[in-house]
Amino acid sequence: MDKIGGFRNPAAEKRYFAAYDRAMAECPEPGTVFDVETRHGTTRVYRYGDGGNPIVLLPGLMATSACFAALIPALAEHHTVYTIDTLGEAGRSVQKAPFKDIRDRTSALDDVFENLGLRDVRLVGGSTGGWHAVNQAIHAPGRLASLTLLDATTVSAPFTRKVFGYGLAAAVLDSDRLWRRFLTWSAGEDVFDQPAARLVLAGIRCYRARVPFQVCPSEEALRSIEVPTLALFGGRSVVHDSAAAAARLNILLPHADVEILPDAGHYLYLRPPDRDLVIERILDRVA
């Protein structure tokens, strides 16, 4: 079996990149665009702003750099911001070698930091991006100054059964309608007026990922994290039990700052009041 991710066919690839370009048009114009060579492929990175401590944003599953359109202007006003299309998922990054395990994925991101000359990285991850950030702190923490986790999934609590049930039904039937229902349910509201949400759906439908399965790190691994950590959870998140996730993270990472935003869903910065609070928390952490 081919263990390298790729688009289903040329027509699917064309449809996907039409959606990608529409979603990226919502972002500010980047100062620089990088295609960074790593041992596992080429990673697309966008750079915004030019000052202060470097902030690196890791998106949720299939969400790409486009999902951060609402956060970039405020963060880039005083800091250099890098957004990454996750290698091994749909986007402008191109996987060229298989990932054997989670360590391979952390080494690929560490290659990006090394090739861009990044040190003291303030790493911010949303959803699955938060899981990637945690694994980076476990397996390759040397270039990190801090972590900020935005309703990170499968870090201190598993997905709910409904995630697997809805996701499996949509995948087996390969139904656009079911995937839309799944993404609307996970967001807590209809999001398909937003190009970034339509891009996630396009990635799910058009791209076949070949990456290690997303599972919670061991307690021992989580306890080993020494990087200063801020973890924000959505009180209305349905993809996991956010109260249980926050409580367990408090136990395993007693030095972490853990907060539940009671009115927020899984995508913490979807609505303006929550978005403003998330931006404030990120900037406080970076400072």
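**Entry 1: Glu219 and its partner**

I started with glutamate 219, which is partly exposed at a relative accessible area of 40%. I'm working from a predicted model here. Who does this side chain pair with? I found a salt bridge between glutamate 219 and arginine 248, with the closest N and O atoms 3.5 Å apart. I placed glutamate 219 in helix α8 and arginine 248 in helix α9 (residues 242-252), so this pair ties together parts 29 residues apart in sequence. Arginine 248 came out partly exposed too, with a relative accessible area of 26%.

**Entry 2: the network around Glu114**

Next I looked for salt bridges that share partners, and noted that they join Asp110, Glu114 and Arg143 into one network. I then took the link between arginine 143 and glutamate 114, where the closest N and O atoms are 3.8 Å apart. Arginine 143 sits in the loop between α4 (128-139) and β8 (144-150), while glutamate 114 belongs to helix α3. How far apart are glutamate 114 and arginine 143 in sequence and in space? I read 29 residues along the chain and 8.5 Å from C-alpha to C-alpha.

Buried or exposed, for arginine 143? I have arginine 143 down as buried, because its relative accessible area is 12% and the cut-off for buried is under 20%. Glutamate 114 is partly exposed, with a relative accessible area of 47%.

**Entry 3: Arg39 to Asp111**

I had a search of the whole structure to go on, and it finds 15 salt bridges. One I looked up is between the side chains of arginine 39 and aspartate 111, at 2.6 Å from N to O. The two lie in distant parts of the chain, 72 residues apart: arginine 39 is in the loop between β2 (32-38) and β3 (41-48), and aspartate 111 is in helix α3 (residues 102-116).

I checked the cover on both ends. Arginine 39 is exposed, with a relative accessible area of 55%, whereas aspartate 111 is buried, with a relative accessible area of 8%. The labels follow because exposed needs over 50% and buried needs under 20%.

**Entry 4: two helix pairs**

I moved on to helix packing. The axes of helix α5 (residues 161-173) and helix α6 (residues 176-187) come within 8 Å and cross at roughly 160 degrees. That makes α5 roughly antiparallel to α6, because angles over 145 degrees count that way. I noted the crossing of α5 and α6 as left-handed.

Which hand does the crossing of α1 and α7 have? I've got α1 passing α7 in a left-handed crossing.

Where is phenylalanine 213 placed? I traced phenylalanine 213 to the loop between β9 (207-208) and α8 (219-223). I wrote phenylalanine 213 down as exposed because its relative accessibility is 61%, and the cut-off for exposed is over 50%.

Key. Residues numbered from 1 in each chain as written. Predicted model: local features only at pLDDT ≥ 70, side-chain atom pairs only at ≥ 80, totals over all residues. Heavy atoms only, no water. Helix = DSSP H or I, 4+ residues; strand = E, 2+ residues; numbered from the N terminus. Buried < 20%, exposed > 50% of the residue type's maximum accessible area, 1.4 Å probe, protein only. Axes fitted to C-alpha atoms, helices over the stretch in contact; angles between N-to-C directions. Parallel < 35°, antiparallel > 145°, perpendicular 65-115°, else oblique. Left-handed = near helix turned anticlockwise from the far one by under 90°. Salt bridge = Lys/Arg side-chain N within 4 Å of Asp/Glu carboxyl O.
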